[in-house]
Every structure is written in C-alpha cells, then in structure tokens.
Amino acid sequence: MTRKKRAQITLDALRRMIPAPETELAYEDPFQLLVSVILSAQCTDVRVNMVTPALFETYPDAASMAQAEPEHVFPFVRSVTYPNNKSKHLVGASRMIVRDFGGEVPDDVPDLVKLPGVGRKTAQVVASVVFDRDALPVDTHVFRVANRIGLTVNAGTPLAVERQLKTVIQKNEWSEAHHLLILHGRYTCLARKPNCDSCAASPGCLYFGRLQRLPEPRRGLDPKLGKFYCATCGRYTGTLKERKDRYGLLQAACRSCSSMNVFETRSGKTTKRVPDFRVN
Ligand code: SF4
C-alpha cells in the first residue's frame, strides 16, 4: 500500500471516530489562543483551560499583559509546567505584539516565530486555527501516530514528520489532519498502551500489522529452568543480550545463539517488541 493510500484510509477512519476535530483549548480570540498554546507546551489542555479564565479576566489582551511584569502573571499560571519561563514568555510576547505588530497577533508563521516562547509548532497551531492558514504542526501525538501508522518512514524529527505528511496529505486537509492525529493520539493511540482493539484505523496501520505478526505465546515452558527460553537453540536461560533488529530497535536475544526467537517462561510471551515511536 502506498503512503498516500494509507493516509487516505487513515483519515477516513479517523473522521468516523472523531466527528469534530478541533482544538480542545478554550479561547475567544487570537491572543487568547496564542497564550493558551504557549501555556500548553508539555502540559495538558485540561490544565491550561483551568488557569486561563482568571488569567484572561485580568489580562484580556496583549496591551494589558504587556504592562504586567512576569511576577504578576506567575500566580495565575503557577500550576502549569515551567511557570517561570512561561510567565516571561507571555509578557515578552505581549510587549512585542504591542511594539511591533500594532497590538494584534501576527497572522503568519514567520512573524509568529519572532515572539518569545513561540516555536514552529506553536506558530503553526495559531496560524492554522485562527487564521485559517494551511499548516500541519507536529507535536508528540502527531509524531507518534504518524510513524506508528506508517504515514511516514524513518522520520526521526518533528520537521521530518511534517515534511513527509505534507507529501501524502492534500494541502486543504492539513489542518483537519493535524487535529485528527492529535485527538487520536490523545484518546486512542496512547503512548504506552494504544487501544488497537477499538481503533477504526487498524486496517491501514503498520504497527498493528506488526503486532499481528508477533509469535503466539508459547505454552508449557518451565520457569524453574530459567526466566527465558530460546526457541531456536532450545535452551533456558536467566539472562539475555541485546541485538538490533532490522528496524534499528534493540531486541532481547539469546546469549548462546543470538536468536531473537525468545520467550518469557512465566507468561509464555515473546520478548520481541515492535517500534512504538514514543517520545520520552
Ligand atoms: S491500530 Fe493501534 S497503533 Fe494503529 S493507529 Fe490504531 S491505536 Fe494506534
């Protein structure tokens, strides 16, 4: 299956699962969205939505926040991650908006990334959500889900994922695809334990296909003879070594014959793993 075809199948499946693909951040205007997205870096949208109502009541726009000092903003955002830095960024960004952009949040990515605390991903989210620009920001969820499903190949950085996704998804679908992939990663294709059994995207998913090809659990192994059993050389052992597989992933291997055809004796399960593209 080509990556384009896989992308089509995936987006169609995700559209069925997620009828309203949009940001979960609460905002009423571009400034509020910008603030919320800055606050959401390595933090949950739920947490951000808890702090922003009081923050926006006191500082409803860039002009009012530009007059504050970071220590005035800090108490409002103390419960989000990195509150010190984020307070400085919010005040710094507000001052630049007032000084350089006439008090209005700039509407394109090159200007947005000039603001303190605004990286490429934040800029693209703001540009795409409130200014309707074609953008496909890649966060930790999009990175993981795109790689797992196989919409990208050997894409090791967010920028590589973004570039590859843009070659297989039509421009007018970028923004929707961004939200679909984020929400899918947040609620179904979870980092630690993806809910593949309830996932409509499984027919086109490479990770799911690889899971299906793992060896079945082996019955009748005796844990008293060793923690692991190598089905290639037929030996029980207490320790294994590591070996890279063809995906570059470290796998457990038999110390005697180097085979990766190894099983845990207690559960009977294979020790083989498939790449899950979690970002630590
Ligand atoms: S099948 Fe599993 S790994 Fe693949 S997209 Fe669905 S939840 Fe994620």
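Student: How do you know how to read the model and its numbering?
Tutor: The model is predicted: local features need pLDDT of at least 70, side-chain atom pairs count only at pLDDT 80 or more, and totals for chains, interfaces and linings use all residues. Residues are numbered from 1 along each chain as its sequence is written.

Student: What makes a stretch a helix or a strand here?
Tutor: Both are DSSP runs, numbered from the N terminus: helices are H or I with at least four residues, strands are E with at least two.

Student: Why is H2 called oblique to H3?
Tutor: The axes of H2 (residues 30-39) and H3 (residues 45-58) come within 10 Å and cross at roughly 135°. Axes are lines fitted to C-alpha atoms, for helices over the stretch in contact, and angles run from 0 to 180 degrees between N-to-C directions. Angles under 35 degrees count as roughly parallel, over 145 as roughly antiparallel, 65 to 115 as roughly perpendicular and the rest as oblique. The angle of roughly 135° falls in the rest, so H2 is oblique to H3.

Student: Which hand does the crossing of H2 and H3 have?
Tutor: H2 passes H3 in a right-handed crossing. A crossing is left-handed if the near helix is turned anticlockwise from the far one by less than a right angle, and right-handed if clockwise.

Student: Which residues of H2 and H3 make the contact?
Tutor: H2 brings Gln32, Val35, Ser36 and Leu39, and H3 brings Val48, Thr52 and Phe56. Contact is when C-beta atoms, placed from the backbone, lie within 7 Å. By class, these are four nonpolar, three polar and no charged residues. Ala, Val, Leu, Ile, Met, Phe, Trp, Tyr, Cys and Pro count as nonpolar, Asp, Glu, Lys and Arg as charged, and the others, Gly among them, as polar.

Student: What is the angle between H9 and H10?
Tutor: The axes of H9 and H10 (residues 158-168) cross at roughly 55° and come within 10 Å. That makes H9 oblique to H10. H9 passes H10 in a left-handed crossing. Val142, Phe143, Ala146 and Asn147 in H9 meet Pro158, Val161 and Leu165 in H10. These divide into six nonpolar, one polar and no charged.

Student: What makes S2 and S5 edge strands?
Tutor: Strands pair if DSSP finds at least two bridges between them. The open sheet has three strands in the order S2-S1-S5, with antiparallel pairing. S2 (236-237) and S5 (262-264) each pair on one side only.

Student: How do you know that S1 and S2 pair?
Tutor: Two bridges join S1 (residues 228-230) to S2, and the definition asks for at least two. Tyr229 has Tyr236 in S2 as its bridge partner.

Student: How many residues lie between S3 and S4 in their hairpin?
Tutor: Five residues lie between S3 and S4, and Gly248 in the turn has a positive phi of about 85°. Four bridges join S3 (residues 241-244) to S4 (residues 250-253), and the strands run antiparallel. Glu242 stands opposite Ala252 in S4.

Methods. Contact = placed C-beta atoms within 7 Å.
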